[in-house]
Amino acid sequence: MVKRHPTAKIKRILAHFGRGDALSERVRRTLVRSLYTQPTSLAIGALAGLCATSVVALSSDNRSLVLLSVLLSIIAITRIIAAFGLSPDDDGTSTRKLEIFYELGAFSYALVLGLIAGLSLLLRVGPQLEVLMIANSLCYGVGICARNAGRPAIALGQLALAVCPVMIACLIIGTLPFVTLAITITLLLPAMASITMNVFKVLRESISAAETSALLADRMQVLARTDVVTGLANRAGLNHAMVETLMDLPDGQMLALYWLDLDRFKEVNDLLGHPVGDRVLSEIARRLRAAAPVDATVSRFGGDEFIIFCEISSRKECEQLAARLLDEIVRPVRIDGDRLEVQASMGISILPEDGNDSDALMQRADLALYHAKVNGRNQICFYDQSMSRDLVRRREIEAELRSAIVNNELSIFFQPIVDLESGKIRAFEALVRWFHPQKGELKPDEFIPVAEETGVIVTLGNWITAQAAKAAAQWPDDVTIAVNLSPLQIKAPGAALGVLAALRDAGLDPCRLELEVTESVFLEDSQSTSHFIEVLSQAGVRFALDDFGTGYSSLGYIHKYPFSKIKVDRSFVSGPNVDRKSDAIIRAVAELGATLEMEIVAEGLETIEQVQAVRDAGCTLGQGYYFSRAVPDYLAAMLLTKERVTDDGRKLAG
């Protein structure tokens, strides 16, 4: 097996990144920089050379040696000034310029030093002075090879210029000791060349490896901050960009943070698959990049959420950009000939009026996004201080609601569902009431949405079912109990088993429990919903479709699931929009129910006229204030008792 040299591996990596030339230039710059490192050592070497040559020149009193010594002093001083004056870290000074300056000084100094040493031998200035110059010349040449190994040509050139005059002088003298010295110097040259080149290779490969590692680290950092699907900045990239922007932000400059969430994007993934979903996300990302300002940071925060962060000059400009971004998103997307319509909700916060740091801006844009979705989706919502107050209020309600469940502060009230033909109570609907020890009664509209958002609805719903089942077990066998279910309850693990356990603990026949679900349940998770309904239906539990007519009102739900009852929403019975169309809709639903042998319940009955109208339309059951408000369990029992006593009295009178 052929073992590749590390340099080849480095070259392959450089070729992979397409930056080999740039990397070589940086390596060369680093090697040249090594020539200028530790200028003190250069000054010490020059001082040693000056001392030696000065002693030789003064002791010999030779004019040529004195002139060469003066020239060496000038060169040495110039080199020291250049070493301290030229900075290799200055990008304005080219690498070639640094090399030329160093070469001129290095070669001239080595040559003059070598000439002084060689001339000292030829002039026979004395054994001691000759040894001083030979030693100085050879030591300088050997030492400079180690110091300047980063640029072998310079190092070996200095070595040759410093020792060759000595070698030539030895050969001219021709005595055996001097010839031997010349041969020794000749052998020194290739030996030092080999050592210098080896040091150079190790140094170059180390620098190349370090540079390559730095390139890889930079590349990995870019990848770590980039979303692989859209090519936008990811969460880490967004945080990095926001920190850098805020650090350099001039006083008084406004910034805007746009938080976008694609509405019902999960349906795209579920129906068409994640590959199509990714292509839609890529297209949305492309549009956002095109619509956003050039200096804006556009990021995919996660899933189907995007965040755009940029400077603005005014709130009006912010509104215009928000409208432009939303317009880009809602334009139809074509994937493989399919036309997809995507909508989005947007929350916006502005610096400095909504916060002075990235965390505050993101938190408040998130709150604004939440309100945009709650208010109907596909809209833009700016942060307002009231949103923070609402958040504090919701968190307070959440904590107090959890405590209320534990401390039995909640109560179950029961509203009768009446047979419109006979006037008898056929069932009760269980409704939760919260009587706070300090705040008094809290309306369900205040805490039920909070329970839905936070997941407390699962615990609350299970508690309501258990309490309602216990109360219903005390009623006559022909009276049933209806309990509303949340989509979260149905999706919770073991939801069906929890309902069956509540029935078992209460001793209530499953056929006397009726679970009311809205159409939104089927949009959330049809698989878990189907399993839930199937298990409980087999056990005898009945199901009712609540608020019929307000959602999608798909007849497919009625056909697919075993509903025994349909509840017509109160908006068709009472309220400002009730008209002939409402009556026609009720009649159509009632006829459908009669055909399918289902009970039809009219909600929100408040007057005798409304009762007569829905009865004439074909509804079989009614519920509303006309019959009774929701009452505690003991009053519900009294209503049933009173009804039974009245019936018994009529029978006796008959």
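## An enclosed space and its surroundings

The largest cavity has a volume of about 50 Å³. The model in which it is found is a predicted one. A search of the whole structure finds one cavity of 30 Å³ or more.

Which residues line the largest cavity? The lining consists of N462, T465, L485, Q489, A495, V499 and F532. Sorted by class, four of the lining residues are nonpolar and three are polar, while none is charged. Two helices, α16 (456-472) and α18 (495-506), each contribute at least two residues to this lining.

## The chain as a whole

The protein chain has 654 residues, of which 45% are buried. Its secondary structure amounts to 24 helices and 16 strands. When contacts between residues at least 6 apart in sequence are considered, 70% of them join residues at least 24 apart.

In soluble globular proteins, nonpolar side chains tend to be buried together. The largest nonpolar core in this model has 69 residues, and the members that touch the most others are F414, L460, W475, I481 and F532. Helix α16 gives the most to this core, with nine residues.

With its neighbours within four places in sequence set aside, I481 is in contact with F414, F428, A430, A468, A472, W475, L508, R512, L513 and E514. Another core, of 37 residues, lies apart from the largest one; its members include L260, I284, A296 and I312.

## Buried residues and their contacts

S486 is located in the loop between β11 (480-484) and α17 (487-491). Is S486 buried or exposed? S486 counts as buried because its relative accessibility is 3%, under the 20% cut-off. A polar atom of its side chain lies 3.2 Å from the backbone nitrogen of L488. Beyond its neighbours within four places in sequence, S486 is in contact with E452 and I457.

R287 belongs to helix α11 (residues 274-291). Its relative accessible area is 4%, so R287 is buried. Where does the side chain of R287 reach? It reaches the backbone oxygen of R331 at 2.7 Å and the backbone oxygen of P332 at 3.0 Å. Leaving aside neighbours within four places in sequence, the contacts of R287 are with E328, I329, R331, P332 and V333.

I144 is placed in helix α6 (residues 127-147). With a relative accessibility of 6%, I144 counts as buried. Apart from neighbours within four places in sequence, I144 is in contact with A155, Q158 and L159. I144 and G45 are 99 residues apart in sequence, and their C-alpha atoms are 9.3 Å apart in space.

| Side chain | Backbone atom | Distance |
|---|---|---|
| S486 | nitrogen of L488 | 3.2 Å |
| R287 | oxygen of R331 | 2.7 Å |
| R287 | oxygen of P332 | 3.0 Å |

## Backbone geometry in the loops

Most residues other than glycine have a negative phi, and most peptide bonds are trans. Several places in this model depart from those patterns.

L351 and P352 are joined by a cis peptide bond, with omega about 10°. P352 is found in the loop between β6 (344-351) and α13 (358-374).

N408, a residue other than glycine, has a positive phi, near 60°. Its place is in the loop between α14 (385-406) and β8 (410-419). N408 counts as exposed because its relative accessibility is 60%, over the 50% cut-off.

E597 likewise is not a glycine, and its phi is positive, at about 60°. E597 lies in the loop between α22 (580-595) and β15 (599-602). At 73% relative accessibility, E597 too counts as exposed.

Key: Residues are numbered from 1 along each chain as its sequence is written. This is a predicted model: local features need pLDDT of at least 70, side-chain atom pairs count only at pLDDT 80 or more; totals for chains, interfaces and linings use all residues. Side-chain values use heavy atoms; hydrogens and water are left out. On a 1 Å grid over the protein atoms alone, a cavity is a set of points where a 1.4 Å probe fits but cannot get out, and a pocket is an open set with protein on both sides within 12 Å along at least five of seven lines; lining residues have an atom within 4 Å of a point. Grid points are joined across faces, edges and corners, and a volume is the space filled by probe spheres set on the points. Helices (H or I, at least four residues) and strands (E, at least two) are DSSP runs, numbered from the N terminus. Ala, Val, Leu, Ile, Met, Phe, Trp, Tyr, Cys and Pro count as nonpolar, Asp, Glu, Lys and Arg as charged, and the others, Gly among them, as polar. A nonpolar core is a set of buried Ala, Val, Leu, Ile, Met, Phe, Trp, Tyr and Cys residues joined through side-chain atoms within 4.5 Å. Buried means under 20% relative accessible area, exposed over 50%, partly exposed in between (1.4 Å probe, protein chains only). Contact means heavy atoms within 4.5 Å. A polar contact is a pair of N or O atoms within 3.5 Å; within protein, one must be able to donate a hydrogen and the other to accept it, and residues adjacent in sequence count only if both atoms are side-chain atoms.
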